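Visitor: I would like a close look at a single part of this protein. Please show me the model and then keep to that part.

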Amino acid sequence: MEPVVLTSERLILRTFTPADTEDVRAACQDPELHRWIPLPDPYRREDAEDFVLRHVPEGWRDDTEYTFSARALREDGSGPLLASVSLHHPRAGTWEVGFYTVKEHRGNGYATEAVRTLALWAFTALGCARLEWRAQTGNTGSRLVAEKAGFTMEGVLRAGLEHRGTRRDCEIASLLPSDLGLPSPVPYLPSRQ
């Protein structure tokens with residue numbers, strides 16, 4: 001798929017470009033990101049270049065991951081990098097969302113807005129029937145974003161994520177099209193308990 005541009009009330013979401021390399025490198029110096037995301041450590045300029053020049057375009061080309069930078073909605077697109085958000089691991093109508101907020105911009109609702117915008121696109125343009133969020137147990141910042149974006153917490157997956165050579169428990173949550181008032185591409189029959 002060719003990259004698309006999405007907008008929300010305050011944000012423009014677009015694919016990363018070579019001009020974003022330094023912004024990515026700077027954002028990935030944050031120890032809090034390394035705590036939860038298995039980034040190269042130390043995160044060097046070469047890592048940012050690999051992400052921007054290889055990883056992101058390959059995901060779009062192969063329809064396996066759609067990664068966006070989130071910036072303030074301005075005509076010239078010159079705002080600072082606020083967050084990164086992506087859809088990845090597509091399987092049977094389900095996608096997984098991943099995101100981070102740049103340290104200096106946390107607490108302003110940018111990641112929540114970006115995730116909601118991406119979810120609307122996934123449900124309307126990709127035929128997504130279920131969007132999942134997963135994060136290591138204890139990542140309360142990520143969980144708060146997911147909850148504010150409308151995700152329903154479902155539980156803990158034991159050894160559900162690999163992080164730096166170890167298996168970690170992770171929380172999982174879901175967002176369905178109906179949670180946003182949208183039709184589902186396939187009927188949903190919830191269990192009755």
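Visitor: Which residues do ring pairs link into a cluster?

Guide: The model is predicted, and what follows was computed from it. The cluster is made of Trp60, Tyr66, Phe68, Trp95 and Trp121, linked by ring pairs. The whole structure holds 7 aromatic pairs. One of them joins tryptophan 60 to tyrosine 66, with 4.7 Å from centre to centre and 45° between the planes, and this pair is tilted. Tryptophan 60 also pairs with phenylalanine 68: the ring centres are 5.3 Å apart, and because the planes meet at 75°, where over 60 counts as edge-to-face, this pair is edge-to-face.

Buried means under 20% relative accessible area. Tryptophan 60 has 2%, so tryptophan 60 is buried. Tyrosine 66 has 3% and is therefore buried. Phenylalanine 68 has 0%, so phenylalanine 68 is buried as well.

Strand β5 covers residues 94-101, and helix α4 covers residues 110-125. Together with strand β6, β5 and α4 make a right-handed β-α-β unit. β5 and β6 run parallel and are joined by 4 bridges; in one place, valine 97 has tryptophan 133 of β6 as its bridge partner. Strand β6, residues 130-136, is mostly covered, with 5 of its 7 residues buried. β6 also pairs with strand β8 (residues 166-175), in the antiparallel sense, over 6 bridges. There, glutamine 136 has cysteine 170 of β8 as its bridge partner.

Methods. Residues numbered from 1 in each chain as written. Predicted model: local features only at pLDDT ≥ 70, side-chain atom pairs only at ≥ 80, totals over all residues. Heavy atoms only, no water. Phe/Tyr/Trp six-rings, centres within 6.5 Å; stacked < 30°, edge-to-face > 60°. Buried < 20%, exposed > 50% of the residue type's maximum accessible area, 1.4 Å probe, protein only. Helix = DSSP H or I, 4+ residues; strand = E, 2+ residues; numbered from the N terminus. Pairing = 2+ DSSP bridges. Right-handed = clockwise from strand over helix to strand, strands pointing away.
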